[in-house]
Amino acid sequence: MDIWEAGVSFDKGVEMESKSKIQSLMIAAVLLVGSADAMAQATDAIKFPNPNYAKVRQASLVDVDKLRQIKPGQNKSEVRSLLGTPNFGEESVGGRQWDYIFNIRTALDHLLVPCQYQLRFDDQGLVTAAYWNRPKCANLL
């Protein structure tokens with residue numbers, strides 16, 4: 001006996017319709033929970049290290065034009081030539097993640113905005129993704 005046969009007996013047409021609606025609701029609930037879990041994992045996966053633990057704690061003034069040149073598929077040597085050595089060392093997360101601390105000068109008032117920038121690499125050492133710790137930082141490019 002399956003879970004649909006247990007319990008109250010209905011008219012066969014109503015039973016099939018109810019069974020179909022319940023199954024649809026269960027599937028929707030599973031998909032919704034799965035999507036929420038996936039979104040939470042994606043959000044949780046982007047964590048920036050505490051700047052107090054950086055090997056080089058001094059935030060550098062970054063050339064925005066060089067930041068704009070960072071693209072997926074670049075190798076670590078190309079990134080290093082554009083941005084320099086990461087503040088937290090190159091061995092972070094097995095060398096698959098580089099974290100930088102930058103100051104970015106605003107175009108209008110020339111104020112310095114402190115930002116953290118993270119690059120992710122694949123097994124071949126090629127850039128796969130880039131993240132900012134604050135949306136304001138990304139908007140300054």
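**Close-up views of a predicted model**

**View 1. The largest nonpolar core of this predicted model has 19 residues.** Those with the most contacts inside this core are Val79, Leu83, Phe102, Tyr117 and Leu119. At least two residues of the core come from each of helix H2 (64-68), helix H3 (76-83), strand S2 (97-105), strand S3 (112-121) and strand S4 (127-132), and S3 gives the most, with 5 residues.

**View 2. Helix H3 has Val79, Leu82 and Leu83 as its buried residues.** These residues lie on the same side of H3, because the arc that they cover around the axis is only 75 degrees. The elements against which the buried residues of H3 pack are H2, S2, S3 and S4.

**View 3. The two ends of H3 are shown with asparagine 75 at the start and glycine 84 following the helix.** At the start of H3, the backbone nitrogen of serine 77 has a side-chain oxygen of asparagine 75 within 3.0 Å. Glycine 84, which follows H3, has a positive phi, near 85 degrees.

**View 4. Asparagine 52 is found in the loop that lies between helix H1 (12-45) and strand S1 (60-61).** With a relative accessible area of 49%, asparagine 52 is partly exposed. The C-alpha atom of asparagine 52 is separated by 10.0 Å from that of phenylalanine 88, although the two residues are 36 residues apart along the chain.

Notes:
Residues are numbered from 1 along each chain as its sequence is written. This is a predicted model: local features need pLDDT of at least 70, side-chain atom pairs count only at pLDDT 80 or more; totals for chains, interfaces and linings use all residues. Side-chain values use heavy atoms; hydrogens and water are left out. A nonpolar core is a set of buried Ala, Val, Leu, Ile, Met, Phe, Trp, Tyr and Cys residues joined through side-chain atoms within 4.5 Å. Buried means under 20% relative accessible area, exposed over 50%, partly exposed in between (1.4 Å probe, protein chains only). Helices (H or I, at least four residues) and strands (E, at least two) are DSSP runs, numbered from the N terminus. The arc is that of the directions from the helix axis to the C-beta atoms. Contact means heavy atoms within 4.5 Å. A polar contact is a pair of N or O atoms within 3.5 Å; within protein, one must be able to donate a hydrogen and the other to accept it, and residues adjacent in sequence count only if both atoms are side-chain atoms.
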